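Reader: I would like to know how the labels used for a structure follow from the values behind them. Could we take them one by one?

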Amino acid sequence: MTDTFTSRPPTLIDKIIAETPGNASNLYTCLQCGTCAGSCPSGPDMDHSPRTLFAMIDSGMEDQVLRSNTPWYCVSCYYCMVRCPKEIPITDIMYTLKRMAIEAGYFKEIDKDKAPEFSETFIDLVENNGRSFEMGVVMRHHLRYHPISAVKLATGMGLKMIAKGRMDFTPTKIKNLPQLKSILKKAKELGGVA
Amino acid sequence: MKYGYYPGCSMEKNARAYHTSTLAVTKPLGIDLVEIDDWNCCGATEYIAINKIPAYALVSRNLALAADQNGSTNLVAPCSACYLNLKKVDHYLHEDPGLKEKVDIALDAGGLKYVPGSINVQHLLETLYIDIGLEAIKDKVKKPLYSLRVAPYYGCLVPRPGNMDSFDDPEHPTSMDKILEVLGATVIDYPLKAQCCGGHMTQISEETALELIRRLLKNAEDNGADMIATLCPMCQLNLDAYQDAVNTHFGTKFKMPIVYFTQLMGLAFDVPINELGFGKEIVSAKPALKKITDEAPKPKRTRERGKKAGLPMPIMAEEG
């Protein structure tokens with residue numbers, strides 16, 4: 001794939017745009033105004049503000065971009081997306097960056113809190129049951145990465161949730177799981193990771 | 001009127017109160033919710049972060065089932081994340097032919113087919129506010145929630161991203177305010193009503209989430225709320241179940257009940273209370289509900305504008 005106007009080989013920004021649905025090509029027009037960074041509720045915990053990250057993307061700093069914890073701290077609140085004067089689908093771009101980081105094998109070292117692992121535990125349960133399973137995902141994730149907080153959860157909040165009848169002990173399965181599995185299997189063949 | 005119903009995984013257990021109260025209040029309003037048979041998880045905000053085509057295919061299976069089963073083109077989702085995922089997938093399949101082509105092949109492997117645009121995805125709030133309307137809701141009110149000071153909390157995924165047809169303002173939504181108002185409640189207007197509850201950050205980086213939750217609770221409390229009304233299982237969980245953790249972490253003393261707006265509708269409609277799921281919340285709503293009075297509160301006197309009121313300000317010339 002080459003750019004229609006310059007016939008140059010695709011750079012980082014081209015790859016990100018190609019992997020993001022919607023009007024992602026607006027990313028080319030980022031003004032560096034910083035509205036996204038100013039609107040971001042988890043900005044203070046990020047390695048790079050969204051604005052900085054977009055400047056890095058534009059400069060082709062692939063390694064640093066994909067190693068940044070920024071997309072993993074995105075809470076999907078969409079404030080940046082609503083306010084962006086160039087209508088860049090920022091949240092969707094963050095999802096693309098997460099997928100690219102996983103594909104590049106960076107994610108295992110990215111985040112001290114293992115954000116990607118949480119997503120993977122979650123989807124693993126969905127793929128095998130067709131439904132999400134709150135207690136399963138929380139306990140599996142915490143036992144693996146935050147054993148102390150797992151104990152805290154199980155004895156504190158977890159107990160209260162169980163007492164209120166708000167937690168299931170076993171996952172619910174959908175009836176036609178084979179159908180869902182064949183759909184997902186085919187989708188994986190088509191889609192790769194990104 | 002018949003509507004397809006996509007409850008979503010949370011409604012089965014964690015947000016059971018939302019599920020039962022939704023069914024209890026939609027019935028008298030003439031909304032016939034028909035649950036999509038054998039629906040699957042929408043992937044929340046997790047699947048799309050790992051695997052693009054499977055994430056779209058996962059949601060598309062639900063859209064295909066809804067189009068097949070119900071004979072109703074409307075699909076109602078009460079959970080914010082489910083609503084956004086269903087709506088977004090339908091929208092992007094329509095916009096992106098390359099994506100649609102791949103999703104079609106994946107669906108075909110399961111013997112399904114979906115034509116983008118054939119299902120109209122609605123959030124429950126939208127169904128109530130737009131399709132049913134405030135007048136019809138007001139007609140059903142038997143026990144107004146007089147004197148109860150409720151802060152409506154919208155979260156993120158219903159008002160935003162706003163790049164698809166949106167039924168409310170992305171930054172200053174008011175639809176739930178208006179519903180609570182016709183229920184007789186005193187609606188609290190507060191600046192953070194559409195800010196983030198932290199989403200899944202409670203699991204990934206608890207401190208990030210606790211700070212977001214603290215801000216919301218403080219802002220609602222500072223503005224005099226007796227309780228917060230939500231429209232999303234995740235928002236309810238974060239604000240309710242993590243309130244203790246917020247208090248421990250910040251040394252605060254919040255005791256803010258977090259209920260679903262449908263529970264309040266049920267109370268006002270005089271639905272038997274055991275159908276509304278009260279008591280499932282961790283911070284009890286009971287003390288706040290006792291504040292409901294039989295008579296409407298007297299409207300507070302607004303400060304008269306005059307020479308003595310406040311700082312000297314320039315006065316605008318009156319129009320006309």
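Reader: Why is Asp38(B) called partly exposed?

Author: This is a predicted model, and the label comes from a count. Asp38(B) has 16 other C-beta atoms within 10 Å. A residue is buried at 20 or more and exposed at 12 or fewer. The count for Asp38(B) falls in between, so Asp38(B) is partly exposed. Asp38(B) sits in the loop between β2 (32–35) and α3 of chain B, and its phi is near 65°, a positive value in a residue other than glycine.

Reader: What makes Ser76(A) count as buried?

Author: Ser76(A) has 22 C-beta neighbours inside 10 Å. The cut-off for buried is 20 or more, so Ser76(A) counts as buried. The residue is in the loop between α5 and α6 (79–83) of chain A. Phi of Ser76(A) is near 60°, again positive in a residue that is not glycine.

Reader: What share of chain A is buried?

Author: Of the 194 residues in chain A, 45% are buried. Chain A has 13 helices and zero strands. Among its contacts with a separation of 6 or more, 59% are between residues 24 or more positions apart.

Reader: How do you know that the span of α11(B) agrees with what its residues should give?

Author: α11(B) has 17 residues, and at 1.5 Å a residue these should span 24 Å. The end C-alpha atoms of α11(B) are 24 Å apart, so the two values agree. Just after α11(B), Gly224(B) takes a positive phi of about 85°.

Reader: Which residues of α11(B) are buried, and what covers them?

Author: The buried residues in α11(B) are Thr208(B), Ala209(B), Leu210(B), Leu212(B), Ile213(B), Arg214(B), Leu216(B), Leu217(B) and Ala220(B). Their cover includes α5 (70–73) of chain A. From chain B, it includes β5 (149–152), α10, β7 (227–230), α12 (233–241) and α13 (243–250).

Reader: How many residues of chain B are in contact with chain A?

Author: In chain B, 54 residues are in contact with 56 residues of chain A. Among the helices of chain B that each supply at least two residues to this side are α4 (52–69), α5 (80–95) and α11 (206–222). The largest share, six residues, comes from α4(B). The side of chain B that touches chain A divides into 26 nonpolar, 15 polar and 13 charged residues.

Reader: Where is a cis peptide bond found?

Author: A cis peptide bond joins Arg160(B) and Pro161(B), with omega about 10°. Pro161(B) lies in the loop between β5 and α9 (175–182) of chain B.

Note on methods:
Residues are numbered from 1 along each chain as its sequence is written. Chains are lettered from A and ligands numbered from 1 in the order in which they are written. This is a predicted model: local features need pLDDT of at least 70, side-chain atom pairs count only at pLDDT 80 or more; totals for chains, interfaces and linings use all residues. Two residues are in contact if their C-beta atoms, placed from the backbone, lie within 7 Å. Helices (H or I, at least four residues) and strands (E, at least two) are DSSP runs, numbered from the N terminus. Ala, Val, Leu, Ile, Met, Phe, Trp, Tyr, Cys and Pro count as nonpolar, Asp, Glu, Lys and Arg as charged, and the others, Gly among them, as polar. The expected span of a helix is 1.5 Å times one less than its number of residues.
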